[in-house]
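Biologist: I would like to learn how to read sheets and cavities in a model. Can we take one feature at a time?

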Amino acid sequence: MLARVRRLPVIFSRITRTLHASTARQRQPFDPTAVERISEDVDVCIVGGGPAGLSAAIRLKQLEQEHEKEFRVVVLEKGAEVGSHILSGAVIEPRALNELLPDWSSRPDHPLEQPATSSTMKFLTSSLALPIPHPPQMNNKGNYIVSLSQFTSWLGTIAEEMGVEVYPGFAGAGVVYSDDRKGVLGVRTNEVGLDKNFHMKETFEPGMEFRAKVTLIAEGAHGSLSKELINQFDLRRDADPQTYAIGLKEVWRVDPSQYRPGEVVHTMGWPLDWKTYGGGWVYHMADGLVSLGLVIGLDYANPWLSPYNELQRMKHHPYFSRLLSGSSTRIAYGARALNEGGLQAVPRVHFPGGALIGCSAGFVNIAKIKGTHNAMKSGMLAAEAAADVLCRTNEEITVSKSESLRLSDMSAYQTSLEDSWVWSDLHEVRNIRASFNTPLGIWGGIAYSGIDSLFLKGRTPWTFRNVSRTSDAAHTLPASRCKRITYPPPQPPLSTDLLTSLTLTGTNHAEDQPIHLRVRANGLEDSTVRREHVRRNVGDYAGLLGRACPAGVYEYVDDEHTSAVEEGNSGSWGGKKLVINSQNCIHCKLCDIKVPTQDITWTVPEGGGGPKYTIT
């Protein structure tokens, strides 16, 4: 039985949750098939208010003026504010911005205040920082060091000024399909006011449906709707599995003696071992701030590795400890997953009724260590294809046989994307990251990458493919086959424990809500699934998530109150149980990607929950 849908006339300029308050309920179980949902018809619904989604929205409003048409464009953003869930290094290549907003530099409120003035690379040993040549792709002349959170907030303001309806606190929680499930008609936002047992509190409000002629998915890397749509429409049939890294970042206000505005430094080597792909960065931002961090490929093998502790250890290297000496103060921390699969891992980007844009598809140029320019351009190209769809006559749009709703054909976006500089940008470097997962190994990958980036520049007849379709999770070895890593204790203020860092994220989730991190296998969530998770992850992988999560969400703790006989019903195994501190979650998605048993599913919490980044 389908949920009942009530259409709402378009009479409100803004949508607030209070419009949808339901009659008070006495904690009745939630039945999604019985709830009455409000539905709004829009022209384009964009899920995700990041650079890609907002660039698409802005471009649609520009095309609205060019075509003398009126497009209703809605952006749903799960963060409490636009930009509050955005984190990156970040050095921005302004190529897409120059195309989207040619006059951006004359706008008095733009955040691109610090141009990059130099680019260097260092190889770290435990005590030395040795200068080494950097690939030409890492030349940052003409680029800008920014807070991507602030940059995104600025784009959101421009989008709203142009007439885009931007709704922070509204998470895209589900896909609205046509009756035959062969097309997408829009999205559903999440329910609000459910308790942890899925009972309706007195404040319960059902999610809304936004039915759109075109739905653009711009959730970022490894989003929940992106995963669903890629599987539903087999979009990855001709592409490799996406691979990822985890990026951990801190922002410091450094002592004036250590501040060098515009300096860009990348590092490789220590603290990571020779088997682990990754590297660090230092970007001297505007206003005396320095962004620093560490990226680690999630194909790492050793389950004893802790990305957070690797970052803390890195700061004790003489190069970093000198940078952070004197009156330096840490003001921000955060982490998120990023795509590393390159061109080979880009899925088909369109499906009946919509498209994937930005990091939902995966356009990071790993050699440049940049993806914002490609994400923005993909959003602009999708907007142009969507505008063409909206301007067509009714006879040119395919009508679903099962209902009188039109399914838009966005295949022109695929064509324009492959003809654009995004595709050539990724094609040139397609073999660099992939070379590290070939029989060449890590040292062979370094050598090949140097030759390719300096001389070949992607002009080869071969493309390295993940023919075995090995996921990042599958690269993880049992703990018994790996060397245990012992990390030194924190030494404040240079290094701190994880929970101290977490306070800098502003993360908050209502505690009495359904846990959005689900232990699920083959569609089942029960004590048997949970017990098997604990058995494998504690018994074989030494509780990997307890170290890997950069927010302290997962703990495998002693279960003192359950006997061996009762373990099967409690979800415990071997005297251990899994505790999920979901209120700590910073939405990085590492758990969903890296857990060896692939039985953690990240879903959206109540809208507005999560980190509150402002300077990241």
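Biologist: How do strand 16 and strand 17 pair?

Modeller: Strands of a sheet pair through backbone hydrogen bonds, parallel or antiparallel. A strand here is a DSSP run of E, at least two residues, and helices are runs of H or I, at least four, both numbered from the N terminus. Pairing requires at least two DSSP bridges between two strands. Strand 16 (residues 263-269) pairs antiparallel with strand 17 (residues 278-284), over four bridges. Thr 267 has Gly 280 of strand 17 as its bridge partner.

Modeller: This model is predicted: local features need pLDDT of at least 70, side-chain atom pairs 80 or more, while totals for chains, interfaces and linings use all residues. Residues are numbered from 1 along each chain as its sequence is written, and side-chain values use heavy atoms, without hydrogens and water.

Biologist: What is the strand order of the open sheet?

Modeller: The order is 7-6-16-17-18-15-19, seven strands with mixed pairing. Strand 7 (129-132) and strand 19 (329-339) are the edges; each has a single partner strand, so one side of each lacks a neighbour in the sheet.

Biologist: Which residues lie nearest the centre of the largest cavity?

Modeller: A cavity is a set of points on a 1 Å grid over the protein atoms alone where a 1.4 Å probe fits but cannot get out; lining residues have an atom within 4 Å of a point. The largest cavity is lined by 13 residues, with Cys 549, Cys 585, Cys 588, Lys 589 and Cys 591 nearest its centre.

Methods
1 Å grid on protein atoms, 1.4 Å probe; cavity = no way out; pocket = protein on both sides within 12 Å on 5 of 7 lines; lining within 4 Å.
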